[in-house]
Amino acid sequence: MARRSIADIEKIWLNVDRLKKTSDRVVGFGPFGIGLDGLLTWIPVVGTAYTVGAAGWLLMQAVKAKAPAGTVVQMLGYLGLDSATTAIGEVPFLDFVPSVVDVLFPGHLLAAKALQNHIETTHWVEGSYADARASGEHDRHVEKVRGDRKLKRIVYLHD
C-alpha cells in the first residue's frame with residue numbers, strides 16, 4: 001500500500017463533502033434538502049444500487065482515513081438505516097413509506113459528517129509512530145493535541 005500524505009486526507013475530505021451534497025443536499029429548503037439518494041429511491045433497483053454503492057464508497061473512505069472503530073460504527077448505523085429503508089421500498093405495496101423516509105433521512109450526509117469530524121479532529125503526521133518515538137517527535141505531537149481542544153487523536157499516516 002502506498003504511503004498516505006496529508007494531501008491524501010484533504011482529498012478524502014473534499015470527495016466525501018461532494019458525495020454528501022450530491023446524495024442529500026442538491027436542492028435545499030432551509031434545514032431540509034433532497035439529493036440523488038432521495039430522488040433515485042423512487043426508481044426501483046436504481047435507488048437501491050445508488051444508496052448501497054454510495055454507502056460502500058463512504059466506508060472505503062473511512063478505512064483510507066484510518067477512522068476509529070467508533071466512527072465506523074456510527075457511519076454503519078446511519079448508512080444501514082438509509083440502505084434498509086431503500087431496500088424495503090423494493091417490496092411491492094411497501095414502497096411508499098420507506099421511500100418517503102429515505103427522502104427525509106439524510107443517511108449519507110450524516111455518515112459523511114461523522115467521517116469529516118474524524119478528519120478535522122485528528123492531528124495527522126506524515127511518518128510512522130516508531131520513527132516519531134525514536135526521534136522524540138511523538139511527545140511534541142502529544143503536546144499539540146493536548147494544547148488544541150479541537151484535536152482528539154494522533155494518526156501516523158505511514159503505519
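**Figure 1. One aromatic pair turns up in a search of the whole structure.** This is a predicted model, in which local features need pLDDT of at least 70 and side-chain atom pairs count only at pLDDT 80 or more, while totals for chains, interfaces and linings use all residues. Residues are numbered from 1 along each chain as its sequence is written, and side-chain values use heavy atoms, with hydrogens and water left out. The partners are Y129 and Y156, an edge-to-face pair with 5.7 Å centre to centre and 75 degrees between the planes. Rings of Phe, Tyr and Trp (its six-membered ring) pair if their centres lie within 6.5 Å; planes under 30 degrees apart are stacked, over 60 edge-to-face, and the rest tilted. Because Y129 lies in helix α7 (residues 129-135) and Y156 in strand β4 (residues 153-156), the pair ties together parts that are 27 residues apart in sequence. Y129 is partly exposed at 37% relative accessible area, whereas Y156 is buried at 6%. Here, buried means under 20% relative accessible area, exposed over 50%, and partly exposed in between (1.4 Å probe, protein chains only).

**Figure 2. Helix α3 (residues 46-64) packs with helix α6 (residues 107-120).** Their axes are 10 Å apart, at an angle of about 5 degrees, so α3 is roughly parallel to α6. Axes are lines fitted to C-alpha atoms, for helices over the stretch in contact, with angles from 0 to 180 degrees between N-to-C directions; under 35 degrees counts as roughly parallel, over 145 as roughly antiparallel, 65 to 115 as roughly perpendicular and the rest as oblique. From α3, Y50, T51, A54, A55, L58, Q61 and A62 meet H108, A111, A112 and L115 of α6, where contact means heavy atoms within 4.5 Å.

**Figure 3. K66 sits in the loop between α3 and α4 (69-88).** Take a look at its backbone: phi of K66 is near 50 degrees, a positive value in a residue other than glycine. For context, most residues other than glycine have a negative phi. K66 is partly exposed, with a relative accessible area of 28%.

**Figure 4. The protein chain has eight helices and four strands.** Along the sequence, the pattern is α-β-β-α-α-α-α-α-β-α-α-β. Helices (H or I, at least four residues) and strands (E, at least two) are DSSP runs, numbered from the N terminus. Of the 159 residues in the protein chain, 43% are buried. Among contacts with a separation of 6 or more, 70% come from residues 24 or more positions apart.
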